Amino acid sequence: MIPKKMEEAINKQINEEFYSAYLYLAMSGYFESVDLPGFAHWMHAQYLEEMEHGMKFWHHLVDRGGTVKLYAIQEPQREWDSPLAAFQAALEHERHITGRIHALVDLAEEVKDRAAYNLLQWYVDEQVEEEASVEAIIARLEMVGGSGNGMLMVDRELGQRQTG
Ligand code: FEO
């Protein structure tokens with residue numbers, strides 16, 4: 001049986017992960033609207049990953065006899081000033097998520113929940129990857145400085161992201 005405090009904190013994190021999915025789906029729509037299909041594809045893949053993150057926590061609660069609470073998902077922003085601004089917002093969001101995951105690790109230690117602690121190690125590693133990939137794209141975008149050719153090149157690269 002999962003400790004109540006841990007159950008509640010994971011329920012909140014499920015909401016954070018599904019909000020992340022919503023945010024990236026909104027960004028995917030924004031990129032479609034500015035004719036950058038590769039960027040849109042990358043964000044759609046990110047949306048799918050966030051759904052998986054949420055579901056991994058969902059399964060953990062179910063497997064341990066916890067109660068899943070699906071809180072209302074906040075409406076995300078719809079537009080950004082530029083592709084760079086969108087990715088900067090994504091990085092800020094991922095840093096926030098990293099903070100939430102680390103707080104969950106602290107809680108797992110506090111309540112001596114070994115199972116949650118183990119599960120959370122996967123998320124700790126995943127956050128390192130998430131931040132690094134967004135940072136790398138920001139660096140590319142800063143390098144091309146919004147030039148048409150550069151943007152088309154980055155769009156082609158992002159369009160090659162594998163899903164699943
Ligand atoms: Fe679920 Fe992007 O962290």
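Is Glu 131 buried or exposed? I looked this up in the model, which is a predicted one. Glu 131 comes out as buried, at a relative accessible area of 16%.

**Entry: partners of Arg 95**

I checked what Glu 131 pairs with and found a salt bridge to Arg 95, with 4.0 Å between the closest N and O atoms. Arg 95 sits in helix H3 and Glu 131 in helix H4 (residues 114-144), so this pair links distant parts of the chain, 36 residues apart. I then looked up the accessibility of Arg 95: the value is 46%, which is partly exposed.

Next I noted a salt bridge between the side chains of Arg 95 and Glu 135, at 3.1 Å from N to O. Glu 135 is partly exposed, with 33% relative accessibility. I recorded Arg 95, Glu 131 and Glu 135 as a network of salt bridges.

**Entry: Lys 69 and Glu 8**

I looked up the total and found 10 salt bridges in the structure. One of them joins the side chains of Lys 69 and Glu 8, at 2.8 Å from N to O.

I checked accessibility for both ends. Lys 69 is partly exposed at 33% relative accessibility, and Glu 8 is partly exposed with a relative accessible area of 22%.

Key. Residues numbered from 1 in each chain as written. Predicted model: local features only at pLDDT ≥ 70, side-chain atom pairs only at ≥ 80, totals over all residues. Heavy atoms only, no water. Buried < 20%, exposed > 50% of the residue type's maximum accessible area, 1.4 Å probe, protein only. Helix = DSSP H or I, 4+ residues; strand = E, 2+ residues; numbered from the N terminus.
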